[in-house]
Structure formats: structure tokens, C-alpha cells
Amino acid sequence: MKFEVKKLVCKRIVYVIVVLSMLINGIYCFNSADKINSKKYKNASECQKNIYKKIEGKITQDKADFISTEYERLKKTIESGDYSKEYDETTYSGYIFLDYNIFKEIYDEFKYNVEYKTEAENICKKANECEKIYEIKNNKYFVEYYKNYSVIFSNRYIDEFYDTRGWDIYFKYSFSNLIIIMLIIFINCGIFCNEREEKMAVLIISTSKGKTHLIRNKIIAGVIVSLIIACFFYIEDFIIFMTVTNLHGFDNLIYSVRTFKMCPLNVSMLQFCIYIFICKITGIIVISSLVALASSMSDTNFVSSVLTVIFIIVLVIFNNIKIKTDILCLITPQLYLKEYDIVKIFNKPILKTNYNMIFALLIVIAVYTAVWWLEAELGKVMKKERI
């Protein structure tokens with residue numbers, strides 16, 4: 001198996017392309033993360049960070065009073081028009097209007113955190129009302145649907161306030177997924193067909209370990225290489241965002257990020273990161289299995305690459321027509337977890353990402369079974385031709 005891994009990665013061109021790809025992703029990732037900082041006013045970003053530091057942590061009345069008082073004061077000043085547009089050392093950022101914009105953004109975020117408990121209670125109330133309506137209609141599926149909805153949003157509250165702008169941008173970032181898929185295709189496309197293209201297949205299957213033992217090792221090697229590539233890029237993404245945006249508040253709940261206020265998971269930021277990482281890894285294994293299938297169906301690396309692209313295009317089409325099974329959902333699961341997105345299975349509502357992970361594993365088993373059979377049958381044919 002180690003030899004099969006070396007065959008895939010121990011090439012100078014592979015190292016060069018991987019390094020260049022990480023460099024490109026790093027630049028793109030840094031530019032995305034750096035959106036949190038103001039390009040026009042250098043003092044604005046630092047000022048905003050200092051204000052966040054002052055009020056982050058446990059939500060208290062003193063912090064709420066500070067934010068609301070400063071916001072109202074600045075709002076009245078701006079509305080009156082009686083303020084200087086020149087640099088002013090007595091302000092937070094140097095400009096009164098800039099102070100107002102900073103405090104308005106922080107005020108809206110703080111208000112969202114404070115009022116979220118009430119909003120969640122209203123959602124629970126509506127869900128309970130809908131549940132009773134469908135109980136009368138004897139619709140078991142929607143009774144279960146709204147019961148789950150009520151359980152998810154019951155007892156939700158946010159008692160700590162943190163700057164979540166970095167988390168919001170981090171969860172939206174997905175450029176690295178494209179590079180990962182391209183690298184997996186480039187590196188793994190010849191995993192089975194490379195020997196046939198180089199006229200070495202007949203010689204290899206004639207050896208004692210050139211039968212099913214080799215097929216198993218190639219499959220495992222393809223998965224290992226794919227996971228290593230994915231981990232490199234996902235770690236790079238996290239480190240850059242951690243450095244540039246100073247991601248913190250790992251114990252804070254995921255719905256403290258406004259774009260995830262309807263997220264069906266009652267988990268912390270750290271737990272959410274682990275969950276989407278598991279989803280992504282599952283999706284990467286699916287991509288790896290499709291590359292292996294394309295390679296086993298081909299005689300050249302080029303044909304294998306084209307077949308893999310076709311398989312992925314089919315997945316994209318499935319994604320666009322909104323069918324239940326959406327494997328691409330696993331590559332960017334955070335985009336599908338902004339609301340209670342479910343599928344109906346055996347008259348039961350199941351979270352779409354959970355369903356797709358189970359379905360993806362079944363696809364992987366089916367695809368690798370097909371790969372095993374194709375390679376075994378092809379080996380028999382080549383042996384007969386050799387004889």
C-alpha cells in the first residue's frame with residue numbers, strides 16, 4: 001500500500017502543482033479573510049476590534065447600556081448634521097460618521113444576541129401551533145416535522161457576545177474545495193489505468209500480489225491521498241482565517257452568527273467545525289471513489305480525467321434539479337445548514353446533511369464494489385490474452 005501511495009505522490013510535478021495550488025488558495029483565502037478589515041480607513045478596523053474587546057464575553061446590562069447609549073448619541077449627532085467631517089482626536093476612529101457606522105453594526109449584532117431568546121420562543125410557539133393543526137388532520141409526517149422544529153428551538157438563548165464576522169466569512173469560504181477536487185482528479189486519475197497505458201498491466205497481474213491484493217491497496221491508497229490533500233487545504237484555510245480574523249468564541253453557539261440563526265444544530269462553533277469537517281471528508285471520499293471508477297473504466301489518464309469530470313457534472317445537475325440526494329451538499333455543508341433543511345424518509349423528517357452522509361457511504365461501497373469487479377474481470381481477460 002505504501003508503494004501505491006508513493007506511485008501517486010512521489011513525482012516532482014505533483015509536488016510543484018500542490019505547492020502552487022496551496023499558494024493560490026492561500027492568497028485567495030487571505031483576501032477573503034481580510035474583507036473584515038476596512039481598506040479605506042486604517043483606524044476603523046482597529047477601532048472596531050477594540051470596541052469588541054471591551055464588550056465581548058458575558059452579556060451584561062452595563063455592556064448593553066454602553067452600546068445603546070453611544071449608538072443613540074452618535075445617531076442624534078449625525079441626524080442633526082452638526083458635526084465636523086475633519087479628523088477629530090476625541091472620537092473612537094478619528095471621524096464621527098465612521099464612529100456611527102461602527103457602533104451601528106455592533107449595536108445591531110448586540111441587539112440580535114440579546115433578542116434571540118425571544119425570537120426562538122416565537123418560533124417554538126408557531127411550531128407548536130402547526131403541530132396541533134396537523135394532529136387534527138392526522139398528518140403524522142408534519143406532526144413529527146414541527147415537533148422536531150419545536151425541540152430544536154426550545155431553550156435557545158445567547159448569553160455571551162463575540163465578534164462573529166470572521167466566522168461568517170470563514171463558513172462562506174469554499175474556493176479550496178474546487179482546488180481539492182482538481183488535485184484529486186489530477187493525482188488519482190491514473191490509479192488503475194496508468195499500468196494499462198504504460199503496457200505494464202499484464203506483467204503486474206502475473207505476480208503473486210498483482211491480483212485482488214493490488215486492487216485493495218490501490219483503493220486504500222487513493223482514499224489516503226485524497227484525504228491528505230483535503231486536510232492540507234482545510235488546515236491552511238483555518239490557520240489563515242484564525243490569523244487574519246482572530247477567530248474566537250469557540251464555545252459560543254453556532255446560531256450566534258446571524259446567518260445561522262435558523263441552523264438546526266444546537267452546537268458550539270467548535271462542534272460545528274468538526275461536524276462540517278466530517279461532512280466534507282465524506283464528500284471527498286465520494287469524489288475519490290468516482291475517480292477510481294473512471295480510472296478502472298479507462299485505458300489512459302486523459303480518458304479517466306474526462307470521465308471523472310462527466311461524473312461530477314452529473315452530480316452538479318442532480319444538485320440543480322433539487323432531488324433528495326445531493327452529494328455536493330457534503331462538500332459545502334455549512335451552506336445547507338443555515339435553515340432546517342430536511343428530507344422525508346419512511347415518513348420521517350431527517351436532516352439533509354445526515355441523510356446525504358449515509359447515502360454517500362452507500363454510494364462509496366457500491367462504487368468500490370464496481371471498481372473491484374471491473375479490475376478483477378479485466379485481469380481475467382488480460383491473463384487469457386497472455387496465455
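In this predicted model, the side chains of K58 and D159 form a salt bridge with an N to O distance of 3.1 Å. K58 belongs to strand β1 (residues 57–58), while D159 sits in the loop between α6 (140–153) and β2 (160–161), so the pair links parts of the chain that are 101 residues apart in sequence. K58 is partly exposed because its relative accessibility is 47%, and D159 is partly exposed because its relative accessible area is 29%.

The chain holds seven salt bridges.

| Salt bridge | N to O distance |
|---|---|
| K58 and D159 | 3.1 Å |
| E70 and R73 | 3.0 Å |
| R258 and E109 | 3.7 Å |

The E70 and R73 pair lies within helix α4 (residues 61–80), its members being three residues apart, about one turn of the helix. An α-helix has 3.6 residues a turn, so residues three or four places apart point the same way. E70 counts as buried because its relative accessibility, 13%, is under 20%. R73, with a relative accessible area of 38%, is partly exposed.

The R258 and E109 bridge has an N to O distance of 3.7 Å. R258 is located in the loop between α11 and α12 and E109 in helix α5, so this pair ties together parts that are 149 residues apart in sequence. R258 is partly exposed at 40% relative accessible area, whereas E109 is buried at 16%.

Helix α5 (residues 96–136) also contains N122, which is partly exposed with a relative accessible area of 40%. The C-alpha atoms of N122 and S154 are 9.7 Å apart, and the two residues are separated by 32 positions in sequence.

Overall, the chain comprises 14 helices and four strands. Of its 387 residues, 48% count as buried. Among contacts in the chain with a separation of 6 or more, 76% involve residues 24 or more positions apart. The accessible surface comes to about 20800 Å², with 61% of this area belonging to carbon and sulfur atoms.

The largest nonpolar core has 66 residues, of which F171 and F272 touch the most other members. The helices that each supply at least two residues to this core include α1 (2–9), α2 (12–33), α11 (212–245) and α14 (352–386). Helix α12 gives the most, with 14 residues. Not counting residues up to four places away in sequence, F171 touches I254, F260, M269, F272, C273, I276, Q334 and L335. Apart from this core lies another, of 18 residues, among them I67, I78, L98 and I106.

F171 is also one of the buried residues of helix α7, together with R165, G166, W167, D168, I169 and Y170.

On the surface, F302, V303, V306, I310 and V314 make up a nonpolar patch with about 420 Å² of accessible area together. I310 is placed in helix α13 and is partly exposed at 42% relative accessibility.

An unreviewed UniProt entry places the feature "transmembrane region" at residues 12–33, 173–193, 214–235, 272–294, 300–318 and 354–374. In the model, residues 173–193 are 71% helix and 0% strand, with end C-alpha atoms 34 Å apart. Residues 354–374 are 100% helix and 0% strand, and their end C-alpha atoms lie 30 Å apart.

Notes: Residues numbered from 1 in each chain as written. Predicted model: local features only at pLDDT ≥ 70, side-chain atom pairs only at ≥ 80, totals over all residues. Heavy atoms only, no water. Core = buried A, V, L, I, M, F, W, Y, C linked by side-chain atoms within 4.5 Å. Buried < 20%, exposed > 50% of the residue type's maximum accessible area, 1.4 Å probe, protein only. Contact = heavy atoms within 4.5 Å. Areas by Shrake-Rupley, 256 points an atom, 1.4 Å probe, with all protein chains shown as cover. UniProt positions renumbered as here; feature names shortened; annotations may be inferred. Patch = residues over 30% accessible without salt bridge, like charges linked within 9 Å, V, L, I, M, F, W, Y side chains within 5 Å. Salt bridge = Lys/Arg side-chain N within 4 Å of Asp/Glu carboxyl O.
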